[in-house]
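The following exercises are to be worked from the sequence and the coordinates. Each task is followed by a solution in steps.

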Amino acid sequence: MKTNLNSWEIIRLSILTITSCGIVYVLLKSLISPSFVHKVTALDFPESVTLKEWQQIATNSVANKNNNYPEEISVKNYRYIQNNLPLDIEMRYLSSSDGNVQKIFKRSKQLGAAQLSTNVHQQFSIGSYGLLTHQNKASLTACINPKRNSTFKAEQFVQNQMNFNVLSTRFIPWLFYGESLRDRRCLWVNLSVPLKDSSPQNAYLTLEKAWVDWYQYWHPRLPA
């Protein structure tokens with residue numbers, strides 16, 4: 001019994017020593033460099049992104065002039081065309097989000113308290129996304145998560161953050177930079193095509209095909 005107590009005491013003292021060293025390091029670093037604050041790295045959107053079977057015809061950056069949403073640290077819009085059908089893709093890289101994609105969509109479109117009818121779908125190895133129609137357009141919208149699959153609902157987003165592998169990679173930034181253990185970054189994506197003479201179902205098929213290629217391009221390019 002005595003040996004067991006000594007072993008646990010050694011473990012306890014080791015943990016306390018490591019923790020104390022970490023605290024001292026953070027304090028010294030903050031004194032030497034008061035601006036010691038880790039910032040989320042901005043996502044560098046390229047001007048040109050190849051999308052299979054589509055021709056890119058335009059791109060533009062959208063500035064948050066009033067700084068109403070400081071969590072939007074990178075914004076970019078792309079336009080493609082295929083057989084006279086335009087495809088618009090909106091991209092917003094959020095440093096902090098609650099994962100409610102419908103709310104992000106409504107904010108982007110300035111819809112206020114408008115109600116939207118959204119169908120939530122899921123694709124293997126990619127994740128969840130929402131399909132909806134608005135202003136005679138069909139849209140596919142989702143949040144690309146760092147290190148995990150895409151999400152649409154807030155609870156899916158939180159579940160991704162609580163994954164053990166994600167938490168383990170966040171431990172050091174939490175200890176030395178004061179970051180949250182939860183990685184709340186979200187790359188919000190909205191793909192849309194005009195309905196014209198097409199049914200929403202056919203438009204959704206077009207969007208889903210483009211979404212697969214778009215997701216596979218962007219997911220590995222999110223900053224660590």
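Contact here means heavy atoms within 4.5 Å. The model is predicted.

**Exercise 1.** Describe helix α5 and determine which strands its buried residues pack against.

*Solution.* First, the extent: α5 covers residues 200-218 and spans 26 Å from first to last C-alpha, close to the expected 27 Å. Second, the buried positions include A203, L207, W211, W214 and W218, together with the charged residues E208 and D213. Third, the partners of the buried residues are β2, β3, β4, β5, β6 and β7.

**Exercise 2.** Identify the residues with the most contacts inside the largest nonpolar core, and examine L187.

*Solution.* This core has 32 residues, and L87, I89, L187, W211, W214 and W218 have the most contacts inside it. At least two residues come from each of β2, β3, β5, β6, β7 and α5. The greatest contribution is that of α5, with eight residues. Apart from this core lies another, of twelve residues, including L111, L116, F157 and C186. Turning to L187, its contacts beyond four places in sequence include L43, F45, M91, I144, W218 and L222.

How values were computed: Residues are numbered from 1 along each chain as its sequence is written. This is a predicted model: local features need pLDDT of at least 70, side-chain atom pairs count only at pLDDT 80 or more; totals for chains, interfaces and linings use all residues. Side-chain values use heavy atoms; hydrogens and water are left out. Helices (H or I, at least four residues) and strands (E, at least two) are DSSP runs, numbered from the N terminus. The expected span of a helix is 1.5 Å times one less than its number of residues. Buried means under 20% relative accessible area, exposed over 50%, partly exposed in between (1.4 Å probe, protein chains only). A nonpolar core is a set of buried Ala, Val, Leu, Ile, Met, Phe, Trp, Tyr and Cys residues joined through side-chain atoms within 4.5 Å.
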